Amino acid sequence: MFAQTTSVAMVGVEARPVRIEVHVSRVKEAFTLVGLPDTSVREAKDRVRAAIVSSGHDFPRRRVTVNLSPADLPKAGTDYDLPIALGVLAAAGNVAAGLRVVAAGELSLDGTVRRTRTAIGAGLLSARKGWPCLVAERDASIATRVPGAVVYPVASLAEAAAVLAGTQPPRPAAPADEDAVADSAFDLAEVRGQPLARRALEIAAAGGHHLLMVGPPGSGKTMLARRLTSILPPLTDAEAVEVACLWAAAGRHRPFSHQPPFRAPHHSASMAAVVGGGLIHPSPGEVSLAHRGMLFLDELGEFPPHLLNALRQPLEEGRVTIARRGSTVTFPAESQVVAASNPCPCGFRGDRLRTCRCSASTLERYGRRLSGPFLDRFDLRIEVPTVESLALLGGPSEDSATVHRRVIAARAIQTERGIRNGRIGRPNLDKQPVSAAGRDLLVHAIQVGMLTARGVDRVRRVARTIADLAGQDAIAEDHIAEAIAFRVDI
Amino acid sequence: MIAASGDPPPQLYRLHDPPSTIWWRGGLPSRLGVAVVGTRRCTSYGWRVSQMIGRTIASAGWPVISGLARGIDAAAHHATLDADGMGFAVLGSGIDVVYPAGNRQLAERLVATGGGIISEYPPGTPPAPFRFPARNRIIAALSAAVVVVEAAVTGGALITARIALELGIDVLAVPGDIDRETSAGTNLLIRDGAHPILGEIDLMQTLEVILGRAPNEPALRPSMAGPVDYHETLRKSSRPVGETLAEAVKSQIEGSRRPTGH
């Protein structure tokens with residue numbers, strides 16, 4: 001006898017259906033699993049057998065063959081336990097055959113359905129095929145976030161079988177988890193002084209510009225960077241689904257949230273961890289996990305140069321292509337990069353009072369690490385000086401909520417325009433109206449050597465955001481001038 | 001390597017112990033130049049000012065004389081090349097032994113652009129600590145003025161300044177923070193009578209008094225737009241951050257475009 005169920009595999013950020021065919025024949029007892037399963041999938045056999053017996057059903061004492069199709073698509077993980085078990089029950093005649101459902105879930109030996117990483121994929125497939133999807137109760141809230149998905153949360157294999165057999169009505173999907181509220185532990189109100197950096201953060205958040213901060217140790221670069229998350233606009237529904245897909249593809253759990261992701265890889269992280277990698281099949285790295293959110297590179301000068309060079313493509317194009325022996329996949333990577341760096345290894349170069357102890361050759365090596373083409377990706381580059389002790393005693397500064405409102409207003413203008421300023425390209429940039437005085441100022445800035453030709457576009461982008469923050473359609477002279485102030489040579 | 005050797009140029013006979021022979025690559029300065037000297041371990045302030053000084057002297061058409069060391073020397077040489085000027089480096093080793101090795105390319109560019117590298121030691125002589133004070137006297141003797149950019153009280157640059165004073169050569173010094181080691185030497189020189197350099201225009205005026213009219217009439221001034229301390233500007237301002245920054249950048253650009261003052 002034959003039965004078929006459907007599950008899901010994440011290929012890149014795409015949810016691909018995996019057909020699970022189960023055949024039960026009369027020859028002697030056996031249980032085989034074919035269709036490019038990896039070890040974790042192959043072990044499903046033992047879990048499925050135990051779960052079926054624990055659920056009060058008989059495991060067929062005959063030859064059971066399970067085929068995961070398409071056979072050339074590699075399958076990994078424990079998400080296939082539930083659909084395989086349902087397929088076996090159906091093929092053995094315990095459940096109606098011809099199951100038009102998507103199922104994903106790991107089974108425990110007592111038949112409980114456990115959460116998976118591909119719940120968002122099950123939701124996507126459910127919406128696409130118009131079939132209901134069966135997932136663990138904890139996964140239901142994620143799957144329901146996909147518009148059009150019909151989600152049946154199931155606690156156990158017995159419940160799943162009963163729902164399919166029609167002997168038990170499906171429960172409604174549990175109401176979705178509340179978004180984790182904006183991390184109130186980080187608020188701009190706690191930042192004393194640093195007016196330049198605060199302004200840079202606001203512009204970076206409003207336009208999605210990459211930001212580089214250079215300053216001595218203890219000047220508060222890390223503190224400032226963490227607070228960018230408190231003023232970033234929330235993700236749209238579609239963006240939140242995208243982020244969830246990437247995390248699923250990476251095999252990571254993240255509660256479904258409209259909060260932009262924040263990732264801060266350490267400088268000792270490997271190339272595969274940051275850019276993306278995988279042994280045979282590509283999996284997304286930190287730059288993709290931070291998609292639509294923020295990637296914080298602390299101690300930029302300590303990152304190995306080859307890693308920084310590898311980040312150039314994702315920074316510029318917003319996606320990263322990873323080729324491995326098994327396949328080549330392009331992951332979205334529209335993360336906003338915030339980098340912090342000491343001015344030199346000892347940290348005191350350019351300090352007003354303390355002397356830098358670095359030798360000339362050390363400085364040269366350090367300077368080479370932060371290569372020109374990489375630094376050029378940063379629209380905003382500022383110096384963060386040590387705050388004088390007296391400024392630390394001052395009253396609270398403007399809080400994140402206030403800045404957040406301005407950022408959201410500026411973002412709304414860009415959404416209407418159809419492109420975020422941080423990613424605005426040449427043809428669109430040329431369409432932005434600039435006042436005559438603004439154009440003159442650009443020309444003069446180049447003439448006196450304050451601006452290089454390649455810096456012009458960056459300045460125009462930042463000026464666009466400054467104008468948006470001011471609610472003005474045309475880019476004025478003052479907007480250009482302010483943007484130039486954020487392009488310090490580091 | 002194309003090298004030449006011969007009698008020292010006449011300027012060097014001002015010394016009570018002129019070298020008996022001189023080796024050089026490229027050329028020898030045909031007229032008195034201006035020496036730019038200072039510490040190897042310069043601050044970013046010293047580097048910036050040394051570049052400004054090197055550029056000013058070079059674009060006025062005077063030879064820039066220095067020692068090809070790291071720090072202040074290198075900054076002055078680089079600025080000379082950037083301004084298409086003539087730069088001469090006096091070495092404390094043989095002319096085929098460039099020390100530090102990192103400045104070898106810089107030396108080649110000096111030779112290739114109408115300047116030269118000069119030494120009183122025969123080719124193959126390794127650098128040694130006692131040779132540097134000796135070469136400082138040649139730096140001084142080739143110059144009509146010595147500019148000390150940044151130097152500690154114990155620095156070799158002060159030796160150059162002392163030799164210059166003995167020869168009756170003018171000494172100029174760049175003032176700096178009083179609590180910074182690398183400015184202690186230059187501030188001391190100023191207290192003892194050296195001319196303090198107050199800026200690019202002041203430097204030009206002083207040098208024209210010493211050396212006479214500059215060979216080149218400076219054309220359009222290259223970037224004078226030194227970095228503005230935006231943090232300081234913001235601290236003093238009570239207006240919104242954006243406005244203050246815009247104002248600072250505009251006045252900076254305006255200031256750089258004003259025609260030169262002489």
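In the exercises below, Ala, Val, Leu, Ile, Met, Phe, Trp, Tyr, Cys and Pro count as nonpolar, Asp, Glu, Lys and Arg as charged, and the others, Gly among them, as polar. The model is predicted: local features need pLDDT of at least 70, side-chain atom pairs count only at pLDDT 80 or more, and totals for chains, interfaces and linings use all residues. Residues are numbered from 1 along each chain as its sequence is written, chains are lettered from A and ligands numbered from 1 in the order in which they are written, and side-chain values use heavy atoms, with hydrogens and water left out.

**Exercise 1. Enclosed cavities**

Task: State how many cavities of 30 Å³ or more there are, and describe the lining of the largest cavity and of the second largest cavity.

Solution: 

Step 1. A cavity is a set of points, on a 1 Å grid over the protein atoms alone, where a 1.4 Å probe fits but cannot get out; lining residues have an atom within 4 Å of a point. Grid points are joined across faces, edges and corners, and a volume is the space filled by probe spheres set on the points.

Step 2. The count by this rule is two cavities of 30 Å³ or more.

Step 3. The volume of the largest cavity is about 150 Å³. Its lining has 19 residues, of which Arg117(A), Ile142(A), Ala244(A), Arg252(A) and Arg254(A) are the closest to the centre. By class, the lining of the largest cavity holds 10 nonpolar, four polar and five charged residues.

Step 4. Helices (H or I, at least four residues) and strands (E, at least two) are DSSP runs, numbered from the N terminus. Helix 4 (119–129), helix 5 (137–143) and helix 9 (237–249) of chain A each give at least two residues to the lining of the largest cavity; helix 9 gives the most, with five residues.

Step 5. The second largest cavity has a volume of about 40 Å³. Its lining consists of Gly208(A), His210(A), Glu334(A), Ser335(A), Gln336(A), Arg420(A), Gly422(A) and Arg423(A). These divide into no nonpolar, five polar and three charged residues.

**Exercise 2. A helix and its packing**

Task: Describe the span of helix 7 of chain B, its buried residues and the elements against which they pack.

Solution: 

Step 1. Helix 7 (residues 200–211) of chain B has 12 residues and reaches 16 Å from its first C-alpha to its last. This is close to the 16 Å expected at 1.5 Å a residue, where the expected span is 1.5 Å times one less than the number of residues.

Step 2. Buried means under 20% relative accessible area, exposed over 50%, and partly exposed in between (1.4 Å probe, protein chains only). Glu200(B), Asp202(B), Leu203(B), Met204(B), Thr206(B), Leu207(B) and Glu208(B) are buried in this helix.

Step 3. With contact taken as heavy atoms within 4.5 Å, the buried residues of helix 7 pack against strand 3 (33–37), helix 1 (44–60), strand 7 (143–148), strand 8 (170–173) and strand 9 (195–196) of chain B.

Step 4. Just after the helix, Gly212(B) takes a positive phi of about 85 degrees.

Conventions. 1 Å grid on protein atoms, 1.4 Å probe; cavity = no way out; pocket = protein on both sides within 12 Å on 5 of 7 lines; lining within 4 Å.
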